[in-house]
Amino acid sequence: MVVAAGKGGATASPLTGSPVATTAQPGFLGSWLSRIPLPKWALIAVAVAVAVLLLLFLICIIKCCCGKKKPKKKERVSLHAVSSSTTASLVQPEMEDLERGTEQMGRGKLQYSLEYNFRAQELKVGVKQAAELKAMDSGGTSDPYVIVYLTSDTKKRYETKVYRKTLNPVFNESFTFQVPQAEVPESTLVMQMYDFNRFAKHHIIGEVRLPLANVSLQHVIEQWSDLVVASKVEEEQLGEICFSLRYVPSTGKLTVLILEAKKLKRMDSHGLSDPFVKVHLILNRKKWKKKKTSVKKNTLSPYFNEVFVFEVPFNQIQNVDVVISVWDHDKVTKNEPIGKLFLGCRATGNQLRHWSDMLSNPRRPLAQWHSLQPPDVVDKALGLKSHLKLPLYPR
């Protein structure tokens with residue numbers, strides 16, 4: 001029966017376990033892989049390695065393209081937190097600091113002594129010796145000497161002898177200054193070392209500045225100090241004066257009250273002065289009126305409290321200059337000016353401010369301290385000649 005059915009070709013049921021035929025063609029990748037004589041696990045390992053290499057290559061490309069911008073951003077952030085001065089100091093020191101450091105080196109040192117006599121009110125300065133001075137001459141030596149003075153009286157100066165061709169001179173000279181005890185803390189002792197030159201300007205080697213306020217003068221002092229670069233010549237201190245101004249526009253009365261002065265320049269040989277004050281009025285740059293205080297004997301800090309009243313019409317107040325001058329009285333010789341200042345619309349600084357405050361506050365007295373200036377400087381600013389005297393009017 002089975003054989004007969006087969007011959008008739010009606011139906012045939014496949015045998016169990018027989019393979020099933022297919023007409024689908026194998027893929028290109030599969031056929032290509034089938035040709036590689038490697039096991040499947042080796043092919044997978046190669047594929048993974050290639051993928052890792054491609055990933056690393058992409059990362060390198062990204063870093064090359066974007067890496068230049070990122071450091072700039074970081075640099076801006078890091079420098080933003082650092083001040084410009086600090087950044088500059090990390091790169092290079094200031095040239096002024098380098099020059100100053102170079103100048104300070106190798107100037108030598110000076111030995112000196114100080115002794116103050118409280119009873120006589122005298123300061124005794126001993127210039128002992130110097131060592132390792134800077135060579136100022138072409139032969140590698142110097143011709144040193146020392147100038148000694150106090151800043152409170154720069155005109156009174158002492159000099160040592162000149163010692164030829166040496167960098168280690170021994171002076172052993174002493175000088176005495178008259179300094180009232182109350183004024184000692186306001187003075188500075190200056191000792192300047194110079195190199196002598198017969199045919200040219202003397203060059204300064206260095207100096208020692210010693211503020212007496214920082215020194216205990218209860219006992220004798222002897223010490224060494226390094227010479228440093230000399231300071232610029234200080235302006236001479238002439239003193240200060242306090243006065244008040246008051247103007248009443250309705251009556252045209254200008255009131256000047258001279259109160260006191262302090263730290264005046266020493267004018268007498270004994271270290272004091274006999275000061276008095278002159279008050280001048282200048283109208284349209286022409287001499288007009290003048291009054292003066294009484295004389296205060298033997299003092300550098302006089303107290304006056306003297307008042308002067310001037311008639312100045314309101315229509316002229318803008319054209320008036322008030323000149324305040326302090327003088328040293330002398331019975332034998334001519335009175336000498338210590339210092340001056342002027343107030344008015346042509347003034348500057350504190351003087352102009354004081355004058356403006358007076359005009360802005362009529363009928364109200366306004367007091368203020370002012371520093372005295374050299375008489376010739378004030379006269380030049382006023383357009384006056386110093387040798388011309390103002391006529392004296394009765395008080």
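Trainee: Which strands do the buried residues of α7 pack against?
Mentor: They pack against β9 (240-248), β10 (253-262), β14 (320-328), β15 (336-343) and β16 (366-371). Keep in mind that this is a predicted model.

Trainee: And which residues of α7 are buried?
Mentor: Q351, H354, W355 and M358. Seen down the axis of α7, they fall within an arc of 95°, so they line one face of the helix.

Trainee: Why would that spacing put residues on one face?
Mentor: An α-helix has 3.6 residues a turn, so residues three or four places apart point the same way.

Trainee: What span should helix α7 have at 1.5 Å a residue?
Mentor: Its 12 residues, 349-360, should span 16 Å. The end C-alpha atoms are 17 Å apart, which agrees.

Trainee: Back to β15. How many of its residues are buried?
Mentor: Six of the eight, so β15 is largely enclosed by the rest of the structure.

Trainee: How many bridges join β14 to β15?
Mentor: Seven, and the two strands run antiparallel. As for who faces whom, V322 stands opposite L343 in β15.

Trainee: New topic. How many aromatic pairs does the structure hold?
Mentor: Five. One of them is Y158 with F175. Their ring centres are 5.1 Å apart and the planes sit at 20°, so that pair is stacked.

Trainee: Where do Y158 and F175 lie?
Mentor: Y158 is in strand β4 (residues 153-159) and F175 is in strand β5 (residues 170-178). The pair therefore ties together parts 17 residues apart in sequence.

Trainee: What about the rings of Y158 and F177?
Mentor: Their centres are 5.1 Å apart, but the planes are at 80°, so this pair is edge-to-face. It also links distant parts of the chain, with Y158 in β4 and F177 in β5, 19 residues apart.

Trainee: Is Y158 buried or partly exposed?
Mentor: Partly exposed, with a relative accessible area of 23%. F175 counts as buried at 8% relative accessibility. F177 counts as buried at 3%. Y158, F175 and F177 form one aromatic cluster.

Trainee: Last one. What pLDDT does the chain average?
Mentor: The average is 78, and 75% of the residues score at least 70.

Trainee: Where is the pLDDT below 50?
Mentor: Residues 1-24 are one such stretch, with two contacts in the model beyond near neighbours in sequence. Over residues 69-103 the pLDDT is also below 50, and that stretch has three contacts beyond near neighbours in sequence.

Definitions and conventions: Residues are numbered from 1 along each chain as its sequence is written. This is a predicted model: local features need pLDDT of at least 70, side-chain atom pairs count only at pLDDT 80 or more; totals for chains, interfaces and linings use all residues. Side-chain values use heavy atoms; hydrogens and water are left out. Helices (H or I, at least four residues) and strands (E, at least two) are DSSP runs, numbered from the N terminus. The expected span of a helix is 1.5 Å times one less than its number of residues. Buried means under 20% relative accessible area, exposed over 50%, partly exposed in between (1.4 Å probe, protein chains only). The arc is that of the directions from the helix axis to the C-beta atoms. Contact means heavy atoms within 4.5 Å. pLDDT is the predictor's confidence in each residue, from 0 to 100. Two strands pair if DSSP finds at least two bridges between them. Rings of Phe, Tyr and Trp (its six-membered ring) pair if their centres lie within 6.5 Å; planes under 30 degrees apart count as stacked, over 60 as edge-to-face and the rest as tilted.
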